[in-house]
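Colleague: I'd like a close look at one part of this protein: the charged side chains and how they pair up. Could you walk me through it, and bring in the metal site as well?

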Amino acid sequence: MNRWKRVFFDLDNTLFDYERAFELASKQTFSQWSAAEKNGVHVDQWFNLFKEACDRLWPDYENGHLSRKSYQALRFQQSLQTFHIEVSQNIALWFEHQFKKQIPDFIDLYDGVELLLEFLCAHNIELGIISNGDYHLQLKKMNRLSIFKWIPSENIYVTDESGKVKPSSSMFDLVIQNRSGNPSESLFVGDSWDLDVVGAISAGWNALHLNTSGVPPSTDHEPFHSAATFKEIYERRNVLFLMDDQ
Ligand SMILES: [Mg+2]
């Protein structure tokens, strides 16, 4: 017997390794940027500084002190300071746009995702995605990952910056409304404690935390289960998704 009527997933860092794709896409874009070549900047050295700027500026974006655009421009501008390269906000945002466009070329499903989706489909469990982000970009990633082989397009919920973003319960509530379902028979799988676990549980759903980074929980919400890798979720599929140990 199925434990859940529906299982929905987050996308970035849940079904594929976003951090890896981010690194490869930004490095490729940087290598092709004429100013980098002209100034003899080594791409690995630059990326370490870029990553450091991302991590340092992120809290200011998260707490609203920086707009999304300012955050994106500043992290590139600051990554270049060591090399004494100054760029305008427009150039920085151009870089952001260029490398984001490349990300779908560098993504692959985590080990176990394809097998788990097959397994859940075979058990007639309703599948879907709830993801924050740019609609067209998220769709491009899903196409690249062939997600529509398992998940029908009407079960894809991509939020933008309209205020319905996770951890708000709006999107979780909308799924339940559209399916005339019950949140308690629904499971959400995601990597972010603050967005996915807290969002799902606040909406009355159950949560499965994919904790690839091993960061301890920041609140006392209680997920149904936590796993370190997607492969582990697949290996425990009978216990996590079915009621009996088949
Ligand atoms: Mg995520």
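Modeller: Let's settle one term before we start: a salt bridge here is a side-chain nitrogen of Lys or Arg within 4 Å of a carboxyl oxygen of Asp or Glu. Keep in mind that this is a predicted model.

By that rule, E23 and K27 pair up, with 2.8 Å from N to O. Both residues sit in helix 1, four residues apart, which is about one turn of the helix.

Helix 3, residues 43–62, has another one, where K51 meets D55. Here the closest N and O atoms are 3.1 Å apart, and again the partners are four residues apart, about one turn of the helix. Both ends are partly exposed, K51 with a relative accessible area of 27% and D55 with 47%.

Now for a bridge that reaches across the sequence. The side chains of R144 and D108 come together at 3.8 Å, N to O. R144 belongs to helix 7 (residues 135–144), whereas D108 is in the loop between helix 5 (89–102) and helix 6 (113–122), so this pair ties together parts that are 36 residues apart in sequence. Again, both partners count as partly exposed: R144 has 40% relative accessible area, and D108 has 49%. Some bridges also share partners, and in that way R6, E126, R179 and E185 are joined into one network.

As for the metal site, the magnesium ion has three protein donors to look for: D10 (OD), D12 (O) and D191 (OD), at 2.1 to 2.2 Å from the ion. Along the sequence, these donor residues follow the spacing D-x1-D-x178-D. Distant parts of the chain are linked by D10 and D191, which are 181 residues apart. You'll find D10 in the loop between strand 1 (6–9) and helix 1 (18–31), and D191 in the loop between strand 4 (186–190) and helix 9 (193–202). D10 is buried, at 7% relative accessible area, but D191 counts as partly exposed, at 21%.

Methods: Residues numbered from 1 in each chain as written. Predicted model: local features only at pLDDT ≥ 70, side-chain atom pairs only at ≥ 80, totals over all residues. Heavy atoms only, no water. Donors = N, O, S within 2.8 Å, 3.2 Å for Na, K, Ca; no water. Helix = DSSP H or I, 4+ residues; strand = E, 2+ residues; numbered from the N terminus. Buried < 20%, exposed > 50% of the residue type's maximum accessible area, 1.4 Å probe, protein only.
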